[in-house]
Amino acid sequence: MSTIPAELDVIHAYRMLRLLREFEDQLHVAIARGNVPGFTHLYAGEEASAVGVCLHLADRDVLCSTHRAHGHFLAKGGDVDALALEIFGKEGGACGGKGGSMHVADWSRGMWGANAIIGASVPHAIGAGFAFKYRGEDGVAVSFGGDGASNQGAGFESMNLAKILNLPVLFVLEDNGYAETTASGWAVAGRPVERAGGFGIPSVEVDGTDLLDVYTKIGVGVRRAREGGVRRSSMCACRCSTAITKVTRKPTARPARSSSCAPSRTASRVSACRCSPPDGRMPRRSTRSMRSARRARQRPSSARSTHRFQPCRP
Ligand SMILES: Cc1ncc(C[n+]2csc(CCOP(=O)(O)OP(=O)(O)O)c2C)c(N)n1
Ligand SMILES: [Mg+2]
């Protein structure tokens, strides 16, 4: 068992963990009842990652988040009511109720926002880190990204810049094992935590379900970015798990026997938070939707929407 660092306020840390989980559990029910507009990604199961990182950050530090941003928002000090109102599209929301779950932001807290573009938070953090350095401020920029995001080219360009320019940036990779339905073991080559080494950036792997592990090991990276004559970046890979929470939504379609593009998943790995069927298998498109898709394909291309993707002919 990890030892508790003397400076850590464990009561506050526990309150934060509970806040993040309770918020998501309540929201999960509202989603399942169909009361939440738009699309929502829950953070349940990854709380220790956000809290463990953000306990080291102040309002002046910048956090660039992902599409799964509620936990990052709260851990960075965002107001829980403002978050809820935003997700429900109401006045008083963090962004006036106009952005919704995937655009929650609070600049006064250094929460630069959720981001629906996978991997886009990483170059944003480079911009923030560069600004800190240019102005001679001791702020730290943190980018969060998932295992799916770890394959985006922008992340590698960002790491290169962070090293070349000695920027105070911390790259946090939250590996929850899946990018939508694609297992990281199937789509991510090698160990992502080792990729930072190619740029000369030190990295560490932590247990994203263990607050003390995250807090202790990430502290080294934050200090390295904040202090010293040369500001330095680091990377931290958090092995997270999505929680198995109550699934109140009934499956809307029959489960498929197999899927050609997605590896099979065990029930414990299925993100119940994403309202997948509780038996852990993938929903199958209904016969009606397949029939209408076939009809659309058979229509002459001129009759189809101009926005439709048309593959190039050789
Ligand atoms: C550039 C881009 N490509 C694809 C998508 C579609 N998409 C939405 S969520 C997601 C999976 C992201 O996986 P990961 O980074 O592991 O984050 P997780 O959902 O597991 O937290 C994808 C591919 C997107 N939003 N942006
Ligand atoms: Mg993932």
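Let's start at Cys-95. Cys-95 is partly exposed, because 16 other C-beta atoms lie within 10 Å. Burial here is a count of other C-beta atoms within 10 Å of a residue's own, with C-beta atoms placed from the backbone: 20 or more is buried, 12 or fewer is exposed, and in between is partly exposed.

A word on the source. This is a predicted model, where local features need pLDDT of at least 70, side-chain atom pairs count only at pLDDT 80 or more, and totals for chains, interfaces and linings use all residues. Residues are numbered from 1 along each chain as its sequence is written, while chains are lettered from A and ligands numbered from 1 in the order in which they are written.

Where does Cys-95 lie? It sits in the loop between helix H4 (80-87) and helix H5 (121-135). Helices (H or I, at least four residues) and strands (E, at least two) are DSSP runs, numbered from the N terminus. Leaving out residues up to four places away in sequence, Cys-95 touches Glu-86, His-103, Val-104 and Ala-105. Contact means C-beta atoms, placed from the backbone, within 7 Å. Ala-82 is 13 residues from Cys-95 along the chain, and their C-alpha atoms are 8.2 Å apart.

Now H4 itself. Leu-83, Glu-86 and Ile-87 are buried there. Down the axis of H4, the buried residues fall within an arc of 95°, so they line one face of the helix. That arc is taken over the directions from the helix axis to the C-beta atoms. In general, an α-helix has 3.6 residues a turn, so residues three or four places apart point the same way. What covers the buried residues of H4? The cover includes helix H1 (10-32) and helix H3 (70-75). After H4 comes Gly-89, with a positive phi near 70°.

Next, the ligand. Ligand 1 is surrounded by 13 residues, and the closest are Ile-118, Gly-146, Gly-148, Ala-149 and Ala-179. Surrounding means a C-beta atom, placed from the backbone, within 6 Å of the molecule. This shell has six nonpolar, four polar and three charged residues. Ala, Val, Leu, Ile, Met, Phe, Trp, Tyr, Cys and Pro count as nonpolar; Asp, Glu, Lys and Arg as charged; the others, Gly among them, as polar.

Last, the whole chain. The protein chain has 10 helices and seven strands. Of its 314 residues, 39% are buried. Among contacts with a separation of 6 or more, 72% join residues 24 or more positions apart.

Note on methods: Two residues are in contact if their C-beta atoms, placed from the backbone, lie within 7 Å.
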